[in-house]
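Please keep the viewer open as you read.

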Amino acid sequence: MREWTILGAGALGCTFAALLNEQQRPVSLILSERHRRHFNPAFEFIALNERRRLVSPHYRFADQAAATECLLVMTKAYQVLPALKSLHNLPRHVPVILLHNGMGVAEQVASLLPHNPLLAGVTSHGALREGPWQIRHTGKGETWLGPLNEQGKAFSHLLAPLSAALGHAGWSEDILSLQHRKLAINAVINPLTACHHIRNGQLAEPRFADVLATLGEEVHRVLSRLGESDTPEQYQRRLNSVIELTATNYSSMHQDLAHGRPTEIDYITGYLLKHAGDLPVPVCQQLYNEVKKQGG
Ligand code: KPL
(Lines give C-alpha, C1' and ligand atoms only; values in the text may rest on other atoms or scores of the structure.)
Protein backbone atom coordinates (compact mmCIF):
# COMPACT_ATOMS: atom_id res chain seq x y z
CA MET A 1 0.00 0.00 0.00
CA ARG A 2 1.26 3.48 -0.85
CA GLU A 3 2.45 5.49 2.15
CA TRP A 4 1.69 9.19 2.26
CA THR A 5 4.44 11.42 3.57
CA ILE A 6 3.46 14.88 4.76
CA LEU A 7 6.04 17.64 4.88
CA GLY A 8 4.79 20.33 7.26
CA ALA A 9 3.30 19.22 10.57
CA GLY A 10 1.08 22.29 10.92
CA ALA A 11 -2.62 22.16 11.74
CA LEU A 12 -3.68 21.23 8.21
CA GLY A 13 -0.83 18.75 7.68
CA CYS A 14 -1.76 16.96 10.93
CA THR A 15 -5.44 17.01 9.94
CA PHE A 16 -4.67 15.31 6.62
CA ALA A 17 -2.49 12.81 8.51
CA ALA A 18 -5.33 12.04 10.95
CA LEU A 19 -7.94 11.65 8.20
CA LEU A 20 -5.71 9.37 6.09
CA ASN A 21 -4.75 7.39 9.19
CA GLU A 22 -8.43 6.88 10.02
CA GLN A 23 -8.78 5.09 6.66
CA GLN A 24 -5.90 2.77 7.68
CA ARG A 25 -3.58 4.50 5.19
CA PRO A 26 0.06 4.48 6.27
CA VAL A 27 1.13 8.09 6.88
CA SER A 28 4.43 9.61 7.91
CA LEU A 29 5.02 13.18 9.02
CA ILE A 30 8.39 14.80 8.39
CA LEU A 31 9.31 16.85 11.44
CA SER A 32 11.75 19.72 11.51
CA GLU A 33 15.18 19.24 13.13
CA ARG A 34 14.19 21.16 16.27
CA HIS A 35 11.79 18.28 17.10
CA ARG A 36 14.42 15.56 16.77
CA ARG A 37 15.28 15.46 20.46
CA HIS A 38 11.81 15.93 21.80
CA PHE A 39 8.52 15.06 20.17
CA ASN A 40 5.32 13.40 21.28
CA PRO A 41 4.71 10.01 19.68
CA ALA A 42 1.06 11.00 19.19
CA PHE A 43 -1.08 14.10 18.79
CA GLU A 44 -4.69 14.59 19.82
CA PHE A 45 -7.07 15.11 16.93
CA ILE A 46 -10.46 16.73 17.53
CA ALA A 47 -12.82 15.82 14.71
CA LEU A 48 -15.66 18.02 13.42
CA ASN A 49 -18.11 16.07 15.62
CA GLU A 50 -15.93 16.84 18.71
CA ARG A 51 -14.73 13.22 18.90
CA ARG A 52 -11.15 13.16 20.23
CA ARG A 53 -8.58 10.51 19.40
CA LEU A 54 -4.85 10.03 19.53
CA VAL A 55 -3.12 9.78 16.18
CA SER A 56 0.31 8.16 15.91
CA PRO A 57 1.75 8.58 12.43
CA HIS A 58 5.31 7.51 11.64
CA TYR A 59 7.64 10.39 12.25
CA ARG A 60 10.59 10.99 9.97
CA PHE A 61 13.28 13.61 9.58
CA ALA A 62 14.71 15.24 6.48
CA ASP A 63 17.59 12.74 6.28
CA GLN A 64 15.07 9.88 5.91
CA ALA A 65 13.43 11.20 2.74
CA ALA A 66 14.72 8.30 0.61
CA ALA A 67 11.84 6.16 1.92
CA THR A 68 9.19 8.59 0.57
CA GLU A 69 6.64 7.21 -1.89
CA CYS A 70 4.34 10.21 -2.28
CA LEU A 71 4.99 13.66 -0.80
CA LEU A 72 2.30 16.13 0.27
CA VAL A 73 3.91 19.53 0.90
CA MET A 74 1.80 21.35 3.49
CA THR A 75 4.22 23.89 4.92
CA LYS A 76 3.68 27.63 4.74
CA ALA A 77 4.49 29.06 1.29
CA TYR A 78 7.76 30.61 2.48
CA GLN A 79 8.93 27.30 3.97
CA VAL A 80 8.38 25.17 0.85
CA LEU A 81 11.77 25.69 -0.80
CA PRO A 82 13.96 25.47 2.34
CA ALA A 83 12.00 22.39 3.49
CA LEU A 84 12.37 20.64 0.12
CA LYS A 85 16.06 21.59 -0.11
CA SER A 86 16.65 20.01 3.30
CA LEU A 87 15.34 16.59 2.17
CA HIS A 88 18.14 14.11 1.53
CA ASN A 89 17.84 11.79 -1.44
CA LEU A 90 14.19 12.30 -2.30
CA PRO A 91 13.79 9.75 -5.13
CA ARG A 92 13.21 11.41 -8.49
CA HIS A 93 10.13 9.28 -9.31
CA VAL A 94 8.24 10.44 -6.17
CA PRO A 95 5.22 12.64 -6.89
CA VAL A 96 5.40 15.98 -5.07
CA ILE A 97 2.06 17.66 -4.36
CA LEU A 98 2.17 21.34 -3.38
CA LEU A 99 -0.74 22.22 -1.11
CA HIS A 100 0.35 25.50 0.39
CA ASN A 101 -1.57 28.79 0.30
CA GLY A 102 -0.58 31.46 -2.19
CA MET A 103 1.35 31.25 -5.44
CA GLY A 104 4.75 31.88 -6.94
CA VAL A 105 6.60 28.94 -5.41
CA ALA A 106 5.86 26.18 -7.93
CA GLU A 107 8.20 27.60 -10.58
CA GLN A 108 11.11 27.42 -8.13
CA VAL A 109 10.16 23.89 -7.05
CA ALA A 110 10.15 22.85 -10.72
CA SER A 111 13.77 24.03 -11.09
CA LEU A 112 14.78 22.39 -7.81
CA LEU A 113 13.17 19.02 -8.66
CA PRO A 114 13.14 18.89 -12.48
CA HIS A 115 12.59 15.11 -12.64
CA ASN A 116 9.84 14.61 -10.08
CA PRO A 117 6.18 14.45 -11.05
CA LEU A 118 4.86 17.79 -9.77
CA LEU A 119 1.25 18.44 -8.79
CA ALA A 120 -0.58 21.28 -7.10
CA GLY A 121 -3.58 21.08 -4.85
CA VAL A 122 -6.08 23.48 -3.39
CA THR A 123 -8.10 22.64 -0.33
CA SER A 124 -10.74 24.44 1.66
CA HIS A 125 -10.46 22.26 4.77
CA GLY A 126 -9.90 24.31 7.91
CA ALA A 127 -7.81 23.36 10.94
CA LEU A 128 -6.50 24.97 14.09
CA ARG A 129 -3.69 24.09 16.47
CA GLU A 130 -5.15 24.28 19.99
CA GLY A 131 -2.05 23.13 21.83
CA PRO A 132 1.47 21.96 20.92
CA TRP A 133 0.14 18.43 20.19
CA GLN A 134 -3.57 19.13 19.84
CA ILE A 135 -5.22 19.76 16.46
CA ARG A 136 -8.82 20.68 15.73
CA HIS A 137 -10.48 20.09 12.34
CA THR A 138 -12.61 23.24 11.94
CA GLY A 139 -14.13 22.82 8.51
CA LYS A 140 -14.69 20.16 5.91
CA GLY A 141 -14.06 21.40 2.40
CA GLU A 142 -13.18 20.38 -1.11
CA THR A 143 -9.75 19.33 -2.28
CA TRP A 144 -8.60 19.49 -5.90
CA LEU A 145 -5.38 18.17 -7.40
CA GLY A 146 -3.90 18.68 -10.83
CA PRO A 147 -0.61 18.28 -12.69
CA LEU A 148 2.00 21.04 -12.90
CA ASN A 149 4.25 19.10 -15.31
CA GLU A 150 3.99 16.24 -17.81
CA GLN A 151 5.09 13.60 -15.28
CA GLY A 152 2.38 14.79 -12.86
CA LYS A 153 -0.36 13.85 -15.32
CA ALA A 154 0.02 10.15 -14.50
CA PHE A 155 -1.06 10.54 -10.87
CA SER A 156 -4.83 10.98 -10.92
CA HIS A 157 -5.07 7.59 -9.15
CA LEU A 158 -4.00 9.38 -5.95
CA LEU A 159 -7.51 10.81 -5.78
CA ALA A 160 -9.33 7.68 -4.66
CA PRO A 161 -7.56 7.24 -1.29
CA LEU A 162 -7.52 10.99 -0.75
CA SER A 163 -11.21 11.28 -1.47
CA ALA A 164 -12.04 8.42 0.90
CA ALA A 165 -10.11 10.15 3.68
CA LEU A 166 -11.14 13.76 3.08
CA GLY A 167 -14.72 13.28 1.97
CA HIS A 168 -14.03 14.89 -1.39
CA ALA A 169 -11.13 15.06 -3.83
CA GLY A 170 -11.31 16.02 -7.49
CA TRP A 171 -8.90 16.15 -10.43
CA SER A 172 -8.44 19.22 -12.58
CA GLU A 173 -6.21 19.51 -15.64
CA ASP A 174 -6.45 23.29 -15.09
CA ILE A 175 -5.29 23.47 -11.48
CA LEU A 176 -3.74 26.89 -12.14
CA SER A 177 -7.20 28.31 -12.56
CA LEU A 178 -8.35 26.84 -9.23
CA GLN A 179 -5.23 28.23 -7.57
CA HIS A 180 -6.02 31.68 -9.00
CA ARG A 181 -9.57 31.45 -7.66
CA LYS A 182 -8.40 30.50 -4.18
CA LEU A 183 -5.77 33.23 -4.28
CA ALA A 184 -8.45 35.78 -5.17
CA ILE A 185 -10.45 34.76 -2.08
CA ASN A 186 -7.42 34.72 0.22
CA ALA A 187 -6.31 38.14 -1.07
CA VAL A 188 -9.48 39.67 0.36
CA ILE A 189 -10.27 37.66 3.50
CA ASN A 190 -6.76 37.07 4.86
CA PRO A 191 -5.23 40.57 5.00
CA LEU A 192 -8.52 42.23 6.03
CA THR A 193 -9.16 39.83 8.91
CA ALA A 194 -5.49 39.97 9.95
CA CYS A 195 -5.33 43.78 9.99
CA HIS A 196 -8.69 44.21 11.76
CA HIS A 197 -8.18 41.26 14.18
CA ILE A 198 -11.55 39.70 13.33
CA ARG A 199 -13.07 36.36 12.37
CA ASN A 200 -13.89 35.78 8.70
CA GLY A 201 -17.65 36.17 9.27
CA GLN A 202 -17.26 39.69 10.65
CA LEU A 203 -16.39 40.87 7.13
CA ALA A 204 -20.13 40.60 6.40
CA GLU A 205 -20.80 43.49 8.83
CA PRO A 206 -21.95 46.73 7.13
CA ARG A 207 -18.79 48.60 8.26
CA PHE A 208 -16.75 46.47 5.82
CA ALA A 209 -19.13 46.76 2.84
CA ASP A 210 -17.19 49.53 1.07
CA VAL A 211 -13.70 48.09 1.48
CA LEU A 212 -14.98 44.64 0.52
CA ALA A 213 -16.49 46.03 -2.70
CA THR A 214 -13.43 48.09 -3.69
CA LEU A 215 -10.93 45.40 -2.82
CA GLY A 216 -13.09 42.82 -4.60
CA GLU A 217 -13.07 44.95 -7.77
CA GLU A 218 -9.28 45.32 -7.66
CA VAL A 219 -8.71 41.62 -7.11
CA HIS A 220 -11.18 40.70 -9.85
CA ARG A 221 -9.34 42.97 -12.32
CA VAL A 222 -6.05 41.19 -11.65
CA LEU A 223 -7.81 37.82 -11.83
CA SER A 224 -9.02 38.75 -15.34
CA ARG A 225 -5.51 39.83 -16.30
CA LEU A 226 -4.31 36.39 -15.17
CA GLY A 227 -6.66 34.95 -17.80
CA GLU A 228 -9.62 33.95 -15.61
CA SER A 229 -13.09 34.40 -17.05
CA ASP A 230 -15.21 34.79 -13.89
CA THR A 231 -17.56 37.78 -14.02
CA PRO A 232 -17.35 40.25 -11.11
CA GLU A 233 -20.72 38.92 -9.90
CA GLN A 234 -19.55 35.29 -9.93
CA TYR A 235 -16.42 36.24 -8.06
CA GLN A 236 -18.32 38.34 -5.50
CA ARG A 237 -20.80 35.49 -4.92
CA ARG A 238 -17.97 33.04 -4.30
CA LEU A 239 -16.27 35.46 -1.94
CA ASN A 240 -19.47 36.02 0.04
CA SER A 241 -20.10 32.30 0.22
CA VAL A 242 -16.59 31.57 1.60
CA ILE A 243 -17.04 34.35 4.18
CA GLU A 244 -20.33 32.74 5.23
CA LEU A 245 -19.04 29.15 5.21
CA THR A 246 -15.94 30.02 7.22
CA ALA A 247 -17.63 32.66 9.40
CA THR A 248 -16.28 31.35 12.71
CA ASN A 249 -12.70 30.81 11.42
CA TYR A 250 -9.77 33.00 12.10
CA SER A 251 -7.99 33.15 8.73
CA SER A 252 -4.51 31.65 8.50
CA MET A 253 -3.01 35.14 8.13
CA HIS A 254 -4.86 36.36 11.22
CA GLN A 255 -3.47 33.38 13.16
CA ASP A 256 0.07 33.97 11.87
CA LEU A 257 0.04 37.66 12.72
CA ALA A 258 -1.55 37.05 16.14
CA HIS A 259 1.17 34.49 17.00
CA GLY A 260 4.02 36.70 15.75
CA ARG A 261 4.82 34.34 12.85
CA PRO A 262 5.70 35.44 9.32
CA THR A 263 2.64 35.57 7.04
CA GLU A 264 2.09 34.42 3.45
CA ILE A 265 1.31 37.99 2.31
CA ASP A 266 4.14 37.94 -0.28
CA TYR A 267 2.60 34.86 -1.92
CA ILE A 268 -1.01 36.13 -1.79
CA THR A 269 -1.33 39.92 -2.07
CA GLY A 270 2.31 40.21 -3.18
CA TYR A 271 1.63 37.82 -6.07
CA LEU A 272 -1.36 39.89 -7.17
CA LEU A 273 0.59 43.16 -6.92
CA LYS A 274 3.33 41.64 -9.05
CA HIS A 275 0.84 40.59 -11.74
CA ALA A 276 -1.27 43.76 -11.63
CA GLY A 277 1.10 45.57 -14.00
CA ASP A 278 -0.43 49.00 -14.71
CA LEU A 279 -3.83 48.14 -13.16
CA PRO A 280 -4.67 50.38 -10.20
CA VAL A 281 -4.72 48.30 -6.98
CA PRO A 282 -4.39 50.88 -4.18
CA VAL A 283 -6.34 48.96 -1.52
CA CYS A 284 -4.32 45.78 -2.17
CA GLN A 285 -1.14 47.81 -1.82
CA GLN A 286 -2.37 49.49 1.37
CA LEU A 287 -3.24 46.14 2.97
CA TYR A 288 0.09 44.67 1.90
CA ASN A 289 1.89 47.59 3.57
CA GLU A 290 -0.26 47.30 6.70
CA VAL A 291 0.37 43.56 7.15
CA LYS A 292 4.11 44.17 6.70
CA LYS A 293 3.94 47.02 9.23
CA GLN A 294 2.25 44.74 11.77
CA GLY A 295 5.17 42.32 11.44
CA GLY A 296 3.95 39.94 8.72
O1 KPL B 1 -7.97 29.72 3.17
C2 KPL B 1 -8.33 30.42 4.10
C3 KPL B 1 -7.27 30.87 5.03
O4 KPL B 1 -7.57 31.24 6.16
O5 KPL B 1 -6.10 30.84 4.62
C6 KPL B 1 -9.76 30.87 4.21
C7 KPL B 1 -10.56 30.31 3.06
C8 KPL B 1 -9.83 32.36 4.19
C9 KPL B 1 -10.44 30.32 5.44
O10 KPL B 1 -10.04 30.91 6.62
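## A glycine after a helix

Let's begin at glycine 277, which comes just after helix α9 and takes a positive phi of about 60 degrees. Bear in mind from the start that this is a predicted model.

## The whole protein

Stepping back, the protein contains 10 helices and 12 strands. Its C-alpha trace spans about 50 × 40 × 35 Å along the principal axes. A compact globule of 296 residues would have a radius of gyration near 19 Å, and the protein has 19 Å, so the two agree.

Of the 296 residues, 42% count as buried.

The protein is divided into domain 1, residues 4-173, and domain 2, residues 177-293. Taken over C-alpha atoms, the centres of the two domains are separated by 25 Å. Domain 1 gives 15 residues to the contact, and domain 2 gives 13. On the side of domain 1 that touches domain 2, strands β8 (118-123) and β10 (134-139) each supply at least two residues. That side of domain 1 has seven nonpolar, seven polar and one charged residues.

UniProt, in an unreviewed entry, has an annotation that reads "domain: Ketopantoate reductase N-terminal" and covers residues 4-149. That span is 18% helix and 33% strand, with its end C-alpha atoms 20 Å apart. UniProt also lists "domain: Ketopantoate reductase C-terminal" for residues 174-293, again in an unreviewed entry. Residues 174-293 are 67% helix and 0% strand, and the end C-alpha atoms of this span lie 36 Å apart.

Now for a residue within domain 1, which runs over residues 4-173. Leucine 98 sits in strand β7, residues 96-98. Is leucine 98 buried or exposed? It is buried, because 25 other C-beta atoms lie within 10 Å, and the cut-off for a buried residue is 20 or more.

Which residues does leucine 98 touch, leaving aside its neighbours within four places in sequence? Its contacts are Val73, Val80, Val105, Ala106, Val109, Ala120 and Gly121. Leucine 72 is 26 residues away from leucine 98 along the chain, yet their C-alpha atoms are separated by 6.4 Å.

## Around the ligand

Finally, turn to the ligand. How many residues surround it? There are 13, and the closest are Ile189, Thr246, Asn249, Ser251 and Ser252. By class, the shell has three nonpolar, 10 polar and no charged residues.

Why can the ligand be said to lie between domain 1 and domain 2? Both domain 1 (4-173) and domain 2 (177-293) give residues to the shell around the ligand, so the ligand lies between them.

Conventions: Residues are numbered from 1 along each chain as its sequence is written. This is a predicted model: local features need pLDDT of at least 70, side-chain atom pairs count only at pLDDT 80 or more; totals for chains, interfaces and linings use all residues. UniProt positions are given in the numbering used here, feature names are shortened, and annotations may be inferred rather than shown by experiment. Helices (H or I, at least four residues) and strands (E, at least two) are DSSP runs, numbered from the N terminus. A residue is near a molecule or strand if its C-beta atom, placed from the backbone, lies within 6 Å of it. Ala, Val, Leu, Ile, Met, Phe, Trp, Tyr, Cys and Pro count as nonpolar, Asp, Glu, Lys and Arg as charged, and the others, Gly among them, as polar. Domain bounds come from an automatic or database domain assignment. The radius of gyration is taken over C-alpha atoms; the globule rule is 2.2 Å times the number of residues to the power 0.38. A residue is buried if 20 or more other C-beta atoms lie within 10 Å of its own, exposed if 12 or fewer, and partly exposed in between; C-beta atoms are placed from the backbone. Two residues are in contact if their C-beta atoms, placed from the backbone, lie within 7 Å.
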